[in-house]
Amino acid sequence: MLFANKKRLAVGLAIVLALTSIVGYRIYANVAGNKARANQLAKIPATTVEVAQVSRRDLTPLMVFPANLEPVWSADISAKVDGRINTLNVNEGDIVDAGTVIATLDTTELAAQVVQAEGNLMAAQSGLEQAELDYRRYSVLAEQGAVSAQVLDTARTKRDLSAGQVRAAQGNVMLLEEKLNNATVAAPKRGVVTKRFVQAGTYIRAGSAIVTVADTTTLLAKATVGESQIDDLSVGSNVKVNVDALGGQEFTGTITRLSPSAATPARTFTAEITIPNEQGVLKSGMFAKAAVPAKVHQGVIAVPESALVLKEDQKTVFVVTADNKVQQRTLKLGFISDGWAEVLEGVVPGDTIVMAGQNKIKDGMAITPIESGVK
């Protein structure tokens, strides 16, 4: 029994010694491997990168707003009278001048009404003439005492009534003549026909739109601006407008109006940007992006956008330490303008950052810095 216990003890000690030897060997091997890798890395020359010092500068931020292009003037053109369209002289896309005849209505019925009204006017004028003669005759007789005052008053009333009938008939003639003239529909201003609503032969009511005419030689880009941004805008500022539909072509506009009060409940304002369009390149209804310069941010800490490195959705830069190693720092940014980013937190003036070659380095690596030409 005692012998068996001693044997088990010996076996256990042997196993412990074997395990200890194995663990010790592995530890030794890892340490040796790390030293070898460190020695190998020490033989690799430091990566050369371009660096520059962080400084302060003035930035003019650009605020980009989506906007829709609209004509500076647009109106639905309609007839002032009911009628059937005899001729329709324009199509969509046609350019019309002020006074250009757009459509003419059937005037047969109106012309007959004018003739009838003129006849009623002549009859009323004849009645007035007879009433005036009667009044003058009774006036003479009344002076001689041949007729009573009542008869004279009746003659005067009849004359005045006839005069009123003449005025009414004259007004009716003028009204019908004006309707006859309005059967010709003309453009009030120069513009382009952007929409045609009816065809020739259609019976329309007064006020129903026939076509839409718009002045597209100047367009308005209407942008929605937040209340925190409105103070950075001013009337008269130049604006760069890009239109994706035209391959990102850039146009120059001017802020011509800022709404004086906010639209609720969003509390947003409207900025109107006037864009010359004499060549007709821009089309009404196009989507545009307006880049509006804001107030100058003076003396802010700024780094070039090219120095920024994206890490887990955060903007960072590599800062060079005193022993020529790099430290990756996360930045809190403000406005970005003309290739420069305003830094609110992360670096201070005088820090040296990597400007080029970020793709070759990692946090903690040694580098060989060379001065960049960026100012």
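At roughly what angle do the axes of helix 2 and helix 3 cross? The axes of helix 2 (residues 108–144) and helix 3 (residues 149–182) cross at roughly 160 degrees and come within 8 Å. That makes helix 2 roughly antiparallel to helix 3, a label for angles over 145 degrees. Axes here are lines fitted to C-alpha atoms over the stretch in contact, and angles run from 0 to 180 degrees between N-to-C directions. Helices (H or I, at least four residues) and strands (E, at least two) are DSSP runs, numbered from the N terminus.

This is a predicted model, in which local features need pLDDT of at least 70, side-chain atom pairs count only at pLDDT 80 or more, and totals for chains, interfaces and linings use all residues. Residues are numbered from 1 along each chain as its sequence is written, and side-chain values use heavy atoms, with hydrogens and water left out.

Now meet two residues that are both buried, meaning under 20% relative accessible area with a 1.4 Å probe, protein chains only.

| Residue | Relative accessible area |
|---|---|
| Alanine 183 | 1% |
| Glutamine 328 | 19% |

Alanine 183 sits in the loop between helix 3 and strand 7 (184–186). Its C-alpha atom is separated by 8.2 Å from that of alanine 103, 80 residues apart along the chain.

Glutamine 328 belongs to strand 18 (residues 326–330). Its side chain makes a polar contact (a pair of N or O atoms within 3.5 Å, one able to donate a hydrogen and the other to accept it) of 3.0 Å with the side chain of threonine 316.

Notes
Buried < 20%, exposed > 50% of the residue type's maximum accessible area, 1.4 Å probe, protein only. Parallel < 35°, antiparallel > 145°, perpendicular 65-115°, else oblique.
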